[in-house]
Amino acid sequence: MPQIVPIKDLRNTNEISRICHEIKEPVFVTKQGYGDLVVMSIETYDRIIGIAETDNAIARSESEISNGGELLDAKAALSDLRRKHFG
């Protein structure tokens, strides 16, 4: 369940930091009852960015395949990479 705090609680930075690290999810900050900001730990940010980058890479690959891109045999491709990088 998302953690929601009013903007006045941002004055207590140590508590907000503790919450962010404890729940390992973004904390939603409201202003006059409406969503205004999102605060999160660096670890959570890195995790979310990593997921987004993976999703984008998959979407690009799917688009490339649907536009006639070349499909490679996984075993052959890995074998070629091993020869190239490890002799």
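Me: What is the relative accessible area of Asp80, and is this residue buried, partly exposed or exposed?
Reply: The model considered here is predicted. A residue counts as buried under 20% relative accessible area and as exposed over 50%. Asp80 falls in between and is therefore partly exposed, its relative accessible area being 43%.

Me: With which residue does Arg83 form a salt bridge?
Reply: Arg83 lies in helix α3, which covers residues 74-86. The closest N and O atoms of the salt bridge are 2.4 Å apart, and the partner of Arg83 is Asp80.

Me: Which residues do salt bridges that share partners join into one network?
Reply: The structure holds five salt bridges. Where such bridges share partners, they join residues into one network, whose members are Glu15, Arg18 and Glu22.

Me: How far apart are the closest N and O atoms in the salt bridge of Arg18 with Glu22?
Reply: Both residues belong to helix α1 (residues 13-23) and are four residues apart, about one turn of the helix. Arg18 is partly exposed, with a relative accessible area of 38%, whereas Glu22 is exposed at 53%. In the salt bridge that Arg18 forms with Glu22, the separation of the closest N and O atoms is 2.6 Å.

Me: How many residues apart in sequence are the parts that the pair Glu25 and Arg47 ties together?
Reply: Glu25 and Arg47 form a salt bridge, with 3.6 Å between the closest N and O atoms. Glu25 is located in the loop between α1 and β2, and Arg47 in helix α2 (residues 42-66), so the pair ties together parts whose separation in sequence is 22 residues.

Me: What length does α2 reach from its first C-alpha to its last?
Reply: Helix α2 has 25 residues. At 1.5 Å a residue, the expected value is 36 Å. The model is close to that expectation, as α2 reaches 36 Å.

Me: Which residue with a positive phi follows α2?
Reply: Helix α2 covers residues 42-66. The residue that follows has a phi near 85 degrees and is Gly68.

Me: How much accessible area do Ile4, Phe28 and Val38 have together as a nonpolar patch on the surface?
Reply: Phe28, in strand β2, is partly exposed, with a relative accessible area of 37%. Beyond its neighbours within four places in sequence, Phe28 is in contact with Pro2, Gln3, Ile4, Val5, Leu37 and Val38. Ile4, Phe28 and Val38 form the patch, and their accessible area together is about 270 Å².

Me: How far apart in space are Phe28 and Met40, C-alpha to C-alpha?
Reply: In sequence, Phe28 and Met40 are twelve residues apart. In space, their C-alpha to C-alpha separation is 8.8 Å.

Note on methods: Residues are numbered from 1 along each chain as its sequence is written. This is a predicted model: local features need pLDDT of at least 70, side-chain atom pairs count only at pLDDT 80 or more; totals for chains, interfaces and linings use all residues. Side-chain values use heavy atoms; hydrogens and water are left out. Contact means heavy atoms within 4.5 Å. A salt bridge is a side-chain nitrogen of Lys or Arg within 4 Å of a carboxyl oxygen of Asp or Glu. Helices (H or I, at least four residues) and strands (E, at least two) are DSSP runs, numbered from the N terminus. Buried means under 20% relative accessible area, exposed over 50%, partly exposed in between (1.4 Å probe, protein chains only). Patches are made of residues with over 30% relative accessible area and no salt bridge: like charges are joined within 9 Å, nonpolar side chains (Val, Leu, Ile, Met, Phe, Trp, Tyr) within 5 Å. Accessible areas come from the Shrake-Rupley method with a 1.4 Å probe; for residues, only the protein chains shown count as cover. The expected span of a helix is 1.5 Å times one less than its number of residues.
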